[in-house]
Amino acid sequence: MSAHPQCKLRVSANRRWLEYADGRPFFWLGDTAWELFHRTTREEADLYLGNRAGKGFTVIQAVALAEQDGLKTPNSYGHLPLVDCDPTKPALGDKGYWDHVDYIVSRANAKGLLLGFLPTWGRHWQGKDSIFTPASVRIYGQWLGARYREAGLIWILGGDRNIHSEAEHELIAALAAGLRAGDGGNHLITYHPLGPGRSSDYFHQDEWLDLNMYQSSHAARDHDNGLFAEHDYALDPPKPTVDGEPRYEALRIGFYNQDVARHLHFDDYDARQAAWWSLLA
């Protein structure tokens, strides 16, 4: 799979921003289509990607092993990603799950969009439902890295989870090492934490983390997500940082809090406010 020439990224020499391979600055304007690989048909994916490219988005964030029962509920064509939920055994075959992922990645790149590619959602590597060990996660990462070595993407590890132990830290480091071994270092890597949270709290000193990501969360209006950017900007060594999940338009405000008003939803102003506050910080 060959990437669109506009889809190769690197960190700038001063470590403050992202840029294309020819030195032009890259602006991360992302949309979170978490279930894109898992739930859409090819026709639906084409429609969605064309819409987002036309609106000026640059990154589409999607998950290979999806949150919504992504291991046991087949995709739109009846295919599962793994054999017996074993991450060392991707379910391969003509027009299977990974061929569908290939199609979406290729179509996105052809439209000048990069994939913010999550190898797995957090529920599959953390807690009682984990299917990974440090050995198996490295094998899976190496396979994934090799398969998408030439694609236009940024690896996003984590999947809405924070780190609670050294064992979890080592598991994520093993996934990063596997991806690096598979793709030869062709892609940038970041980490998507639980909100409100920052990747820098866990991994800033890790060499594999090319850029930080924070999730400023969906708890309230006027939540100053610029404080997350300000925090990361002051760290040493310098690394770019991005709000990977701020206030979503039409989402119920603070839906996970008790006694929250059920009729209040974020609107387009809230989404734009989060974008500008993050950027200007």
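A search of the whole structure finds 15 salt bridges, each a side-chain nitrogen of Lys or Arg within 4 Å of a carboxyl oxygen of Asp or Glu. The model is predicted: local features need pLDDT of at least 70, side-chain atom pairs count only at pLDDT 80 or more, and totals for chains, interfaces and linings use all residues. Residues are numbered from 1 along each chain as its sequence is written, and side-chain values use heavy atoms, with hydrogens and water left out.

Side chains of opposite charge can pair when their charged atoms come close. Take Arg 221 and Asp 270, which meet at 2.9 Å, N to O. Arg 221 sits in the loop between β11 (212-215) and α7 (226-233), and Asp 270 in helix α8 (residues 268-280), so the pair ties together parts 49 residues apart in sequence. Helices (H or I, at least four residues) and strands (E, at least two) are DSSP runs, numbered from the N terminus. Asp 270 is buried at 2% relative accessibility; Arg 221 is partly exposed at 36%. Here buried means under 20% relative accessible area, exposed over 50%, and partly exposed in between (1.4 Å probe, protein chains only).

Arg 24 pairs with Asp 22, the closest N and O atoms being 2.9 Å apart. Asp 22 is exposed at 54%. Lys 8, Arg 149 and Glu 150 are linked in a network of salt bridges.

Now the nonpolar cores: sets of buried Ala, Val, Leu, Ile, Met, Phe, Trp, Tyr and Cys residues joined through side-chain atoms within 4.5 Å. The largest has 44 residues, with Phe 117, Tyr 148 and Leu 157 making the most contacts inside it. A second, separate core of 18 residues includes Val 11, Phe 26, Trp 28 and Trp 34.
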